[in-house]
Amino acid sequence: MTEADATRLAALHRYRLLDTPEEGEFHRLAGLACDLLQTEIAVIAVLEAERQWPVARIGLRGKAPPWPAAAWAAALAAAPGQVAVVPDAGRDPRFAEAVPAGAAIRFLAGAPLRLADGKAHGSLCIASAEPRPGGLDERDRRRLLTLAALAADALELRLQARRAQELAESEARLRQAQEAAGVVAFEATSGSSPAHAPLGALRRLLGLAETAPLTLRGLAVSAHPEERPRLEMVAARLAAEGGTLLEEFRVTTREGDVLWAQVQGETHFGAQEDPAAWRLSGLLRDVTERRRADERQLFMTRELDHRAKNALAVVLAALRLTPAADPRSYAAAVEGRVAALARAHTLLTEKRWAGVELRDLVAGELRNFLGAAEAVPPPRASLDGPPVLLLPQAAQPLSMALHELATNAVKHGALSAPGGRIAVGWALEPGRIGLRLLWVETGGPPLAGPPPRPRFGSRVMRGTVVDQLGGQLLLRWPQSGLVCEIVLPAGRALADPGAVGRIGP
């Protein structure tokens, strides 16, 4: 196949005629050819490489037109404005073998189908069983050429219709993609509208006209009432002066939901042919998710700032409450208390600061003194209580109190003796008393009563439990070991106050 043949075939394939049913409009043209030129046979066909493919035929049966190759070639090779005519194929030496005397086809004539590229891609041929020694007169030649041109025009119309359909489908897909992405392109022009029309177009574009709401992701929306005064001023300025448009504003759906829209565009006035003309074009976007993400980011920034200040305040309180008489003891005490805060902070981070499970907080403090293998379960320590989610602001002060209890147990209480153990239990209670926690030590050195003077750890516990959390602290010293009861109000301690009264998982 030559390069010219490949180019012709590529052009032909754009019409998508091959291997398709015979078309209605071509069938009517073939019938008109038979009527006008008084023949029994008419065929409209295109050529793919060496194959003739009929798109319409009258008077013939079978899958392909039985044209002699010489007649087909002659029809294709006819010059513009010319037709190929075979008055009697039985007497023409070119068809002596293909059409012997007495054959069904004796007279043949054909005109090429020249498409937009000027090349002959097929032909309209007529035939009759009776020879016509005179061939075709000039009027019939014009008729045959006109019918061939109409067939070529029908092919071009078919191509344009298919391209228009493909363009419409492509535009529909683009609109769907834009809707899915929350982006809508717009353009408004003056046309025959009066010069002040840009104001109306801008008002509709901004959702200010109730009868012409915006469309975001398939939802009909209009500007939020609180945004309207500002947008009215923007629309008036652009209608008077032109220029660029970039605004973000709230919109409301018919159901009352609030979304965010961004409109970006430009208004142009004047042209050489019409100084009063105007054009407004640009994009309308749904930026709700970005705005909400910005709001979440701002909230998180403020929240982190608040938490950092709280953490620093707790650290400063720990430093103030730690005696500095012995530098080594001071350093150890500060290090232990800051480490307790860090453990609580880690638990909060893992839960994205939604809260801390009380069991995790208690286990973490005991594990720091007993080791991972001994912290939970017994014999050294046991935990018993329902699931409790602590507020972030309660987790760190309570971790400090638990740290002081564990430190005291190691120095003076149950954990200072080999057989000592600790039992920690808690319960949720209705009313303002939200959380009750009980710390019980046994197996340590026998106690003769409270210490002769308050230890420093008790001051830290009162500073955290009572002062910071507004709770109650009760310490008892029976001979068996220290008993500490901590009561915290639901509003200051529980991340889910509705859980009060629902004991158990």
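Colleague: Among contacts in the protein chain between residues at least 6 apart in sequence, what share joins residues at least 24 apart?

Modeller: The share is 64%. Keep in mind as we go that this is a predicted model. Trp-353 and Gln-393 are 40 residues apart in sequence, while their C-alpha atoms are 9.5 Å apart in space. Likewise, Leu-482 and Gly-444 are separated by 38 residues in sequence and by 9.2 Å from C-alpha to C-alpha.

Colleague: Where does Leu-482 sit, and which residues does Leu-482 touch?

Modeller: Look at the loop between strand S17 (472-476) and strand S18 (483-489), which holds Leu-482. Leaving out residues up to four places away in sequence, Leu-482 touches Leu-405, Asn-408, Trp-439, Val-440, Glu-441, Leu-447, Leu-475, Arg-476 and Trp-477.

Colleague: Is Leu-482 buried or exposed, and why?

Modeller: Leu-482 counts as buried because its relative accessible area is 7%, and buried means under 20%.

Colleague: How many helices and strands does the protein chain have, and what part of its residues is buried?

Modeller: You can find 12 helices and 18 strands in the protein chain. Of its 505 residues, 44% count as buried. The accessible surface comes to about 26600 Å², and carbon and sulfur atoms account for 56% of that surface.

Colleague: Let's turn to helices. How are two packed helices described?

Modeller: Two packed helices are described by the angle between their axes and the distance between the axes. The crossing of H9 past H10 is right-handed.

Colleague: Which residues make the contact of H9 with H10?

Modeller: On the H9 side you will find Leu-358, Leu-361, Val-362, Glu-365 and Phe-369. H10 brings Ala-395, Leu-398, Ser-399, Leu-402, His-403, Ala-406, Thr-407 and Val-410. Sorted by kind, the residues of this contact are nine nonpolar, three polar and one charged.

Colleague: Now for charges. What can side chains of opposite charge do?

Modeller: Side chains of opposite charge can pair when their charged atoms come close. This structure holds 13 salt bridges. One of them joins the side chains of Arg-143 and Asp-140, at 3.5 Å from N to O.

Colleague: Where do Arg-143 and Asp-140 lie?

Modeller: Both lie in helix H4 (residues 138-181), three residues apart, which is about one turn of the helix. Asp-140 is buried because its relative accessibility is 12%, whereas Arg-143, at 26%, counts as partly exposed. Asp-140 also touches Leu-36 and Leu-37, not counting residues up to four places away in sequence.

Colleague: Which other residues lie three residues apart in a helix and meet in a salt bridge?

Modeller: Glu-289 and Arg-292 do, with 3.9 Å from N to O. They both belong to helix H7 (residues 288-321), again about one turn of the helix. Glu-289 is exposed because its relative accessible area is 51%, and exposed means over 50%. Arg-292 has 35%, so Arg-292 is partly exposed.

Colleague: How far apart are the closest N and O atoms of Arg-436 and Glu-429?

Modeller: They are 2.7 Å apart, and the two residues form a salt bridge. Arg-436 is partly exposed at 27% relative accessibility, and Glu-429 is partly exposed at 24%.

Colleague: Which residues are linked in a network of salt bridges?

Modeller: Glu-226, Glu-227, Arg-230, Glu-247 and Arg-250 are.

Definitions and conventions: Residues are numbered from 1 along each chain as its sequence is written. This is a predicted model: local features need pLDDT of at least 70, side-chain atom pairs count only at pLDDT 80 or more; totals for chains, interfaces and linings use all residues. Side-chain values use heavy atoms; hydrogens and water are left out. A salt bridge is a side-chain nitrogen of Lys or Arg within 4 Å of a carboxyl oxygen of Asp or Glu. Helices (H or I, at least four residues) and strands (E, at least two) are DSSP runs, numbered from the N terminus. Buried means under 20% relative accessible area, exposed over 50%, partly exposed in between (1.4 Å probe, protein chains only). Contact means heavy atoms within 4.5 Å. Accessible areas come from the Shrake-Rupley method with a 1.4 Å probe; for residues, only the protein chains shown count as cover. A crossing is left-handed if the near helix is turned anticlockwise from the far one by less than a right angle, and right-handed if clockwise. Ala, Val, Leu, Ile, Met, Phe, Trp, Tyr, Cys and Pro count as nonpolar, Asp, Glu, Lys and Arg as charged, and the others, Gly among them, as polar.
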